[in-house]
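Please look over the sequence and the structure shown here before reading on.

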Amino acid sequence: MRYIPHTAEDVRRMLQTVGVDSVDELFVEIPDSVRLQRPLNLDDSLSESELLVALQELAQRNATVSQTASFLGAGAYNHFIPAVIDHLVSRSEFYTAYTPYQPEISQGTLQAIFEYQTMICQLTGMDAANASMYDGASACAEGVLMACRATRRRRVLLSRGLHPEYRSTVQTYCRYLDVELEEIPVDAATGRTDLKALGAALDQDCAAVVSGYPNFFGIIEDIGSQAKLAHEHGARLVAAVQEPIALGLLKSPGELGADIVLGEGQSFGLPLSFGGPYLGFFAARQKDIRTLPGRLVGETLDLEGRRGFVLTLATREQHIRRERATSNICSNQGLCALMATIYLSLMGKTGLREVAQHNFSKTQYAKERIGALQGFKIPFSGPTFNEFVVKAEEGSAAVLSRLEQQGMLGGIALECFYPEFDQHLLVCVTEQNSRGQIDALVDALAGGAS
Amino acid sequence: MRAGTRGLILKEKLLFEHSTPGRKGYRLPTLDVPEAQLPENLERAEITGFPELSEVDVVRHFTRLSTWNYGVDSGFYPLGSCTMKYNPKVNEAACRLSGFAQVHPMVPDRLAQGALEMMHDLQEALAEISGLPALTLQPGAGAHGELAGMLVIRAFHEARGQKRHKVIIPDTAHGTNPATAALCGYQVVPVASDGILTAAAVAEHMDNEVAALMITNPNTLGLFEGEIAEICKVVHDQGGLVYCDGANLNALMGIARPGDMGIDVMHFNLHKTFSTPHGGGGPGSGPVGVSAELAPFLPVPVVVRDEDGFRLDFDRPRSIGRMKGFHGHFGVLVRAWAYIRTMGGAGLREATEMAVLNANYVRARLEPAFHLPYKRRSLHEVVFSDRDLQGGCKTLDVAKRLIDYGFHPPTVYFPLVVAGALMIEPTETESVEALDEFCEAMLAIVREAQEDPELLKQAPRVPHIRRLDETRAARKPRLRWRAENENG
């Protein structure tokens, strides 16, 4: 076995040092009654070349975004990934290290996280960001719990425009806690959170209002008005960003009054990878930093006065505070955060805006062309970023299967998340979709409806 | 000896301090549609302080930062409880295949049959290894799996109309255990173990208010809980369930299965036992296995096989719901699958045997010099204390001095039941020569403590940075860089 270096002679010599006659004797504390009395029933071991053949066989049975024109989004986005990222995160000093418990030999990881925290703050308009969480949905659940801790209140209002998987993750986390969740409808005309309904639902027990920015329908929410309403009742406004490329172009949630900003960082240089691993980012204002969940990296000095970085404010965390911790999380998405940091460094001040502008322009182009087709409507009037909802007279399932036959992944049927939208598709256009692909999509849609 | 020494040490500023107005590290294609204008009131101003760098600037920056890190590929990394085994390189190639890396999570099931078959296969392999028949691959890490597992337990009791509100946790537990129990709305009942938990001690705290016992086996002292079958019986007899923290599964593969011991729920740490990289703190992956009785409560979706092939099953009315977005850390699952296929059943057993041999070898070589508080036969790790160190030196000093010798220190001050704990887990991928070098360094440090304790207290000296002031970091936290003209 090539990952295990022991020769028979090594084993003999080591057993002698230990003072036992056989490897079996090392397991003397395990009673016979609970021992496995047969070999594990698993497939035989493969050589490296056989393994690669088996992997290729599995891999080729999946549709990729490079072979198929894809207009799928809904919280996972097909953006270009510069080659630099994979080269740098393949440095094994990064990927074979663990949590930086020993700061003197982990400054690479620690400084990169400090840079990551800084860029997340700059993008979101917040004062402090944690070292990352599992993904956008779990970060959203942590955001709800944090708002309850910070306000000592127990009612939370979730916009129905918030990503449905984020909402269901919040529900799972709150299942057995004393937190009451209530859904705020979206305005049928604009696709934005219904401000009247929000105003009516807010009261002195409300810890937070949680809204997507952009929301699940791709609509740019009026976070400013929501924040104002929330603040009038002493509640926090939590902005959940499922497509952070938007932050290159849109006003930051912080500027609009949000108190907690969290979201999914996959768009920042992480592969789609069938849903993970992705990157939950999480940021808040100075007043709330001691109730933040997750790891934090802070700046300090060493014995000789040199700048260095350490994990800090650990008294919030599970290994110190145990059942009174701010979260049970004990890792972060270290390597994913590093990928995002490298992506953002390459794109920089102008690149992120440009790529956001491309997404927005291409989406406007597609939306206008599809909206002009017979049999198709754009049901929501609210401004969108890189996703939009299309209502198809022939029904979403029929449209999607027709597109699939022409080699296109045309979007996502909204019906599985929103039964009331049984004719609706969610279409996403990124900088990876050429004008040719968009035109082909429009032609294919037109072809079927005529 | 392959010890630490001074090499070329590079200085490196923060990204933001390298920034030069006008520099770019990207080039987009020419926009092939008309440029659209976002309504002005929605558009942000330029982001103050955001970096402007060339591609070369970025590559140099992160390459130089990487040289300040120590990974498994740099050398021995005996961090107890973390199972820092070698991360096979072919697995890194595997997860990057375009047929895995470029698949959108919302493609229809029929267009992801290879991915779903791999997940189904992994579910079955983990079920065979653990003896727990039903699996979810969704949780993002060990602590997340723990939360999923405990929510399943609570859902099970509630479905039977039982409002149990307590969870028993022995003092050797990971800190995540009590934090998780609290997140499930449970009250924690601590129980003292004296190294090994007895069925009698559990019986003392067990009543029909107890939802579950959370146990780690082998425990955090590296000792097998020999009364596990009796303990499970005590808990089951009063209607409770037993949760096992799977952090230490590397000690049991092919030898014994938690499911056969009476465990009802266990999480796996694919980034420990199944060789996926720790990534500087993540991403991990924390699948959960449960008994057949608990299967209906697992998070959605699970991968099932039927006559049409493989599919994601969302129609599970008794499920606790979703733990996160999509279907789990797929890229990590691919690596774990590749590892299991490479090792085979016999290879996994060999991994466990050699991991246990390595831990016992280190124990035998260090026991004459270090105090060993618990003397039963160790499995995959061994815990010493700093009690017998001379010169006023402590565990932290040993850890820092080990850095000068070129090693990553063991886990320190954990488990809490041992004062000044040094928790050493060598894993099976270390050769006897690597273990000898480490043991010689440890023995040299014991002598230094006696003869010249300042060598320990001033350590480390070899890295580019010395001991850091953690109090200062916490007292006035600086969690981000700010541009000079920025407020705050």
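The sections below describe a predicted model, going from whole chains down to single residues.

## Chain A as a whole

Chain A contains 13 helices and 15 strands. Its C-alpha trace spans about 85 × 55 × 50 Å along the principal axes. Of the 450 residues in chain A, 66% are buried. Among contacts in chain A with a separation of 6 or more, 71% are between residues 24 or more positions apart.

The accessible surface of chain A is about 14,500 Å², and carbon and sulfur atoms account for 49% of that surface.

## Domains

Chain A is assigned two segments of sequence, 69-80 and 349-449, as domain 1, while domain 2 covers 83-343. Between these domains, the contact involves 32 residues from domain 1 of chain A and 33 residues from domain 2 of chain A. The C-alpha centres of the two domains of chain A are 28 Å apart.

Chain B is divided into domain 1 (15-59), domain 2 (90-342) and domain 3 (348-473). In chain B, the centres of domain 1 and domain 3, taken over C-alpha atoms, are separated by 48 Å.

## Thr430(A)

Thr430(A) is found in the loop that links strand S15 (424-428) to helix H13 (435-449) of chain A. Thr430(A) counts as buried because its relative accessibility is 1%, and the cut-off for buried is under 20%.

A polar atom of the Thr430(A) side chain lies 2.8 Å from the backbone oxygen of Asn78(A). Apart from neighbours within four places in sequence, Thr430(A) is in contact with Asn78(A), His79(A), Asn359(A), Lys362(A) and Asn386(A).

## Arg306(A)

Arg306(A) occupies the loop between strand S9 (297-301) and strand S10 (307-311) of chain A. With a relative accessibility of 34%, Arg306(A) counts as partly exposed, since that class lies between the cut-offs of 20% and 50%.

The side chain of Arg306(A) makes a polar contact of 3.2 Å with the side chain of Glu304(A). When residues up to four places away in sequence are not counted, Arg306(A) touches Thr300(A) and Leu301(A) in chain A, and His464(B), Ile465(B) and Arg466(B) in chain B.

Terms used
Residues are numbered from 1 along each chain as its sequence is written. Chains are lettered from A and ligands numbered from 1 in the order in which they are written. This is a predicted model: local features need pLDDT of at least 70, side-chain atom pairs count only at pLDDT 80 or more; totals for chains, interfaces and linings use all residues. Side-chain values use heavy atoms; hydrogens and water are left out. Helices (H or I, at least four residues) and strands (E, at least two) are DSSP runs, numbered from the N terminus. Buried means under 20% relative accessible area, exposed over 50%, partly exposed in between (1.4 Å probe, protein chains only). Contact means heavy atoms within 4.5 Å. Accessible areas come from the Shrake-Rupley method with a 1.4 Å probe; for residues, only the protein chains shown count as cover. Domain bounds come from an automatic or database domain assignment. A polar contact is a pair of N or O atoms within 3.5 Å; within protein, one must be able to donate a hydrogen and the other to accept it, and residues adjacent in sequence count only if both atoms are side-chain atoms.
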